[in-house]
Amino acid sequence: MGKRKKSLSVVKKKGNNFIELGKAWFDWGDVYHFLLTISWASFFSLIIFAYLILNGIFAIAYMSVSEG
């Protein structure tokens with residue numbers, strides 16, 4: 001496996017600063033927290049984008065097996 005790029009992040013909580021060493025910028029295991037922390041506009045944009053992509057995939061699959 002290749003090396004993952006790690007970064008330094010600073011978390012601010014009520015006046016205290018916590019430094020997290022070796023934390024990846026994005027972790028697929030933390031998608032739920034990501035969805036909770038983005039803005040409403042970003043959340044709905046992501047939902048609409050995912051819907052359009054999935055709908056497009058199913059449309060291509062349907063067109064490829066249809067006889068017309």
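The model is predicted, and local features need pLDDT of at least 70, side-chain atom pairs count only at pLDDT 80 or more, while totals for chains, interfaces and linings use all residues. Residues are numbered from 1 along each chain as its sequence is written, and side-chain values use heavy atoms, with hydrogens and water left out.

Let's start with the overall layout. The chain has two helices and two strands, where helices (H or I, at least four residues) and strands (E, at least two) are DSSP runs numbered from the N terminus. Along the sequence they follow the pattern β-β-α-α. The mean pLDDT, the predictor's confidence in each residue from 0 to 100, is 79 for the chain, and 63% of the residues reach 70 or more. Among the elements, helix 2 has the highest mean pLDDT (96), and strand 1 (residues 7-13) has the lowest (57).

Now to the rings. A pair of aromatic rings is described by the distance of the centres and the angle of the planes. Rings of Phe, Tyr and Trp (its six-membered ring) pair if their centres lie within 6.5 Å; planes under 30 degrees apart count as stacked, over 60 as edge-to-face and the rest as tilted. The whole structure holds three aromatic pairs. One of them joins W40 and F43, with 6.1 Å from centre to centre and 90° between the planes, an edge-to-face pair. Both residues sit in helix 2 (residues 40-65), three residues apart, about one turn of the helix. The rings of F43 and F44 have centres 5.5 Å apart and planes at 70°, so this pair is edge-to-face.

W40 is exposed at 64%, F43 is partly exposed at 23%, and F44 is partly exposed at 45%. Of the 68 residues of the chain, 3% count as buried.

Finally, look at Y51, which also lies in helix 2. Y51 is exposed, because its relative accessibility is 54%.

How values were computed
Buried means under 20% relative accessible area, exposed over 50%, partly exposed in between (1.4 Å probe, protein chains only).
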